[in-house]
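Trainee: Hi, could you walk me through this structure? I have not looked at it before.

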Amino acid sequence: MLIRGRQFVKRHIQAIKNSAKTLRATPWATAVTVLVLAVTLILPVLFWLLMGHVKPLTNEWREGNEIALYLDTPLSSVDETALLVRVRGTEGVGHATFVSAEASLKELEQQEGMEDIRRYLPNNPLPSVINVMPSSVLDTPLKLEQLFQKLKHYPHVEQAKLNRDWSTRLYAVLGFMTYLTWLLGGLFGLMVVFIIRNLLRLAAQEHHEEIEVLKLIGATDSFIIRPFLYTGMCLGAAGALLAFLGVHAVLFGLSHALHTLISAGFGVPLVLKLSLLDALRFVGFGLLLGWLGAYLPLKRQLASIEPCH
C-alpha cells in the first residue's frame, strides 16, 4: 500500500513537472492566455464581491419591512407582556419592541405643532404597539406575508400594518442582482472553459504522434491526459489569481466613488475587502474551470486516437 502511494505521488509530480516544462516552453503564449482568462473572470468576481458586501447593508433598507401590531385598548400589562413574549418567540421574528400608548403620545407631543395636543384630548386615543422586525431569513415577499398573516391573528391584536410595496421592491432588486451575479459567473466561467479547451485541444493535436507511441507501449489514457490536466489547472488558477489582483486594482481606483455612492444610498459606509479565504476560493474556482476545460474535450480526443501497429 505504501509503495503504491509513493508511485501515485511520483506519477503526479512527474506530470506537474511536464506541465510546467510545457508552459515554460511558450512563455508569451502562456502569459497572454493567463491575461485573457483574468480579464474574463474580473467582471463576475467583481459582481460577486459587491453582492457579498452590499447584501448585509440592505438591513438598513429592511426597516421598511417592519410590521406594526396595534393592540386592543385598554389592555392589562400582564396581557401585553405575554403577547410580547409570544411574538418574540415566533419563527421569523428578528426582534420585537413594545411601545406603550403613553410613550406613543409623548413621541407625538415632540413633533412640531403638537406640543399642546394633550390639552385637547379627554384621554389618550393611541393604542399600544408592538413593532416587529422580521429576521433576515425571510428573503421573499411570500415568507414575509406569511409572518404578517400569522401575527395579525394573535389575540389582542386589533390591527396590523405592513408596507408590502416596499418589501416587494426590495426583494425584487436583491433577486435580480443575485440572478445577474450567477448568470455572469456561469457565462464567463464557460468562456474560460472554452478558452482552455481550445488551447489544450491544439496542444494534443501537436503531440498526436507522441500520444500514439505512448498508447502503443501500453500507456493508459489517465497517464497521457494527466499533464494536460495540470496544464489546464495551472492556467485556470493563474488566471483566477490575476483576476483577484485585478479586482483589487479596480476597487482601489473606484474606492472613493463607491464609498460615496453606497453611503448616500444606504446611509452607512461600505468597506470592500478581499481576504485570503476569498483568494483561495477564486484559485479553487480557477482550478475547477481549468480541469473541466482540459478533461472534457481531451478524454474524447484521446479515445479517438489509436496506436499505429
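Mentor: Happy to, and we will go from the overall layout to single residues.
Mentor: This is a predicted model, where local features need pLDDT of at least 70, side-chain atom pairs count only at pLDDT 80 or more, and totals for chains, interfaces and linings use all residues. Residues are numbered from 1 along each chain as its sequence is written, and side-chain values use heavy atoms, with hydrogens and water left out.

Trainee: Thanks! How many helices and strands are there in the chain?

Mentor: The chain has nine helices and four strands. Helices (H or I, at least four residues) and strands (E, at least two) are DSSP runs, numbered from the N terminus. Starting at the N terminus, the order reads α-α-β-α-β-α-β-α-β-α-α-α-α.

Trainee: And what share of the residues is buried?

Mentor: Of the 309 residues in the chain, 37% are buried. Buried means under 20% relative accessible area, exposed over 50%, and partly exposed in between (1.4 Å probe, protein chains only).

Trainee: Which residues touch the most other members in the largest nonpolar core?

Mentor: Those are Leu41, Val192, Val247 and Leu298, in a core of 30 residues. Helix 2, helix 6 (164–206), helix 8 and helix 9 (276–304) each supply at least two of its residues, and helix 8 has the largest share, with ten. A nonpolar core is a set of buried Ala, Val, Leu, Ile, Met, Phe, Trp, Tyr and Cys residues joined through side-chain atoms within 4.5 Å.

Trainee: What is Leu298 in contact with, leaving aside neighbours within four places in sequence?

Mentor: Leu298 meets Leu200, Arg201, Ala204, Ile225 and Phe228, with those neighbours left aside. Contact means heavy atoms within 4.5 Å.

Trainee: Switching to the outside, which residues form the nonpolar patch on the surface?

Mentor: Leu35, Val39, Leu241, Leu242 and Leu245 form it, with about 440 Å² of accessible area together. Helix 2 (27–57) and helix 8 (221–266) each give two or more residues to this patch, and helix 8 gives the most, with three. Patch residues have over 30% relative accessible area and no salt bridge, and nonpolar side chains (Val, Leu, Ile, Met, Phe, Trp, Tyr) are joined within 5 Å, like charges within 9 Å. A salt bridge is a side-chain nitrogen of Lys or Arg within 4 Å of a carboxyl oxygen of Asp or Glu. Accessible areas come from the Shrake-Rupley method with a 1.4 Å probe, and for residues only the protein chains shown count as cover.

Trainee: Why does Leu241 count as partly exposed?

Mentor: Because its relative accessible area is 42%. Leu241 sits in helix 8.

Trainee: And Thr30, buried or exposed?

Mentor: Thr30 is buried, because its relative accessible area is 16%. This residue belongs to helix 2.
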